[in-house]
Amino acid sequence: MPDSRYEAFRLSMATTSTSSNMDGLDKIPLSYASVSIGYKDEHTLPKKLGAIAAAGFQAIELGFPDLLAFANQQSKSGEVKADDYDILCDTAQEVKKLCADNGLKILILQPFSNFEGWPLDSDERKDAFARADGWLRIMEACGTDMLQVGSSDTPADKIGTDRARFVKDLQELADMLAKKKFRVAYENWCWSTHAPTWEDKVNRKNFGLCLDTFQSAGYEWGDPTTQSGLVEDGRSREEVEKDWHASCDRLAKTVPKEKIFFLQISDAYRTKPGPLSKQDYDGLRSRGFWSHAYRPLPFEGYLPVVDFAKAVSQTGFRGWWSYEIFDAGADGEGKEYDLEEFAKKAMECQRKLVEACQK
């Protein structure tokens, strides 16, 4: 059965709990982001799904790039574009069946980006809401009720810095999804223009957090552009550590567990041969470039992943944990690997992470 490895993991963890507020970590449902496995064209979506299921994961984050690529691989009438929603919805129905055949749920559709903040009546704002309509159709077709939205990294000279306007846009998006009983899982991308931390100001029942070990630790604690690998903003290393632990403690004590929709898991490398440039990489900020290629499994990098996973667990959250691993090596040059072994390694890492959280 596809989930036999997960069942073995769950049973092996059942007697290891050492703290009452860590009870139930052996029952955490596990997902894998489809866009974060595979490194060449022949690693098609069906092959990715097979590998994820064989490792024992129960769900996927369906990546729009994977959906679009699969649609083009099947197309007999030319290129399928990102706004060809009729075709993409038909493809999404096929993906839904493929997932069912593999014993997988589609947890979310991701990543919906650069939505909030555009000037009123601008073409960009009209496009953002048109994309939202199209992605909602895809969600219906593939059978998921959750949309992952990344905090916008559109430059401030285009969207400004008015947080009240950003919040209003996100409230409007949440209200759109609420009509279909859908939810928004908002992720604080660590290179974003306006929301690099985990605080939620939107105040909608169907709007919650996609928390991420990399995004939070990679903004509040780590920095790929410094020699130390830590944030260097005038604080001492001890002050950075103190503030990081205070942030984790605040999350554990103040975020209601029902406002956490899922937790993404990854680590980060200290980049080789040295720090990244503080300049943009083809328009992408340094932390964004770091995010796209330097994110291995926990314990293979240097971020305080356990601190954050433990804080999330201390809220009482026992929903989905999802692995999102973009591992091109510490030098960013890329890695070759077998899909099934890669996914199984993530499942094995989960046991180690749970054990570390329980200490």
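# Reading a barrel and its cores

Q: Which residue in β9 is the bridge partner of Leu 30?

A: Strands (E, at least two residues) and helices (H or I, at least four) are DSSP runs numbered from the N terminus, and two strands pair if DSSP finds at least two bridges between them. Here the bridge partner of Leu 30 in β9 is Trp 321, and strand β1 (residues 30-33) pairs with strand β9 (residues 321-323) in the parallel sense over 3 bridges. This is a predicted model, in which local features need pLDDT of at least 70 and side-chain atom pairs count only at pLDDT 80 or more, while totals for chains, interfaces and linings use all residues. Residues are numbered from 1 along each chain as its sequence is written, and side-chain values use heavy atoms, with hydrogens and water left out.

Q: In what order do the strands close into a barrel?

A: The barrel is closed by 8 strands in the order β1-β2-β3-β4-β5-β6-β7-β9, with parallel pairing. From one strand to the next the twist averages 30°, where axes are lines fitted to C-alpha atoms (for helices, over the stretch in contact) and angles run from 0 to 180 degrees between N-to-C directions. Within this order, β1 and β2 run parallel and are joined by 3 bridges, with Ser 31 standing opposite Ala 59 in β2. Strand β3 (residues 105-112) pairs with β4 in the parallel sense over 2 bridges, and the partner of Leu 109 in β4 is Leu 147.

Q: How many residues of strand β4 are buried?

A: A residue counts as buried under 20% relative accessible area, as exposed over 50%, and as partly exposed in between (1.4 Å probe, protein chains only). In strand β4 (residues 146-150), 5 of the 5 residues are buried, so the strand is largely enclosed by the rest of the structure. Both of its faces are covered, with Met 146, Gln 148 and Gly 150 buried on one side and Leu 147 and Val 149 on the other. Strand β2 (residues 59-63) also has 5 of its 5 residues buried, so it too is largely enclosed.

Q: Which residues touch the most other members of the largest nonpolar core?

A: A nonpolar core is a set of buried Ala, Val, Leu, Ile, Met, Phe, Trp, Tyr and Cys residues joined through side-chain atoms within 4.5 Å. The largest one has 107 residues, and Trp 321 and Tyr 323 touch the most other members. Helix α12 (residues 339-357) supplies the largest share of this core, 10 residues. A second, separate core of 9 residues includes Ile 108, Met 146, Cys 210 and Phe 261.

Q: How many aromatic pairs are there, and what does the pair of Trp 221 and Tyr 302 tie together?

A: Rings of Phe, Tyr and Trp (its six-membered ring) pair if their centres lie within 6.5 Å; planes under 30 degrees apart count as stacked, over 60 as edge-to-face and the rest as tilted. By this rule there are 15 aromatic pairs, and the one formed by Trp 221 and Tyr 302 is tilted, at 5.6 Å centre to centre with 45° between the planes. Trp 221 lies in the loop between α8 and α9 (237-254) and Tyr 302 in the loop between β8 (294-295) and α11 (305-314), so the pair ties together parts that are 81 residues apart in sequence. Both Trp 221 and Tyr 302 are buried. Elsewhere, ring pairs link Phe 64, Phe 112, Phe 115, Phe 129 and Trp 135 into a cluster.
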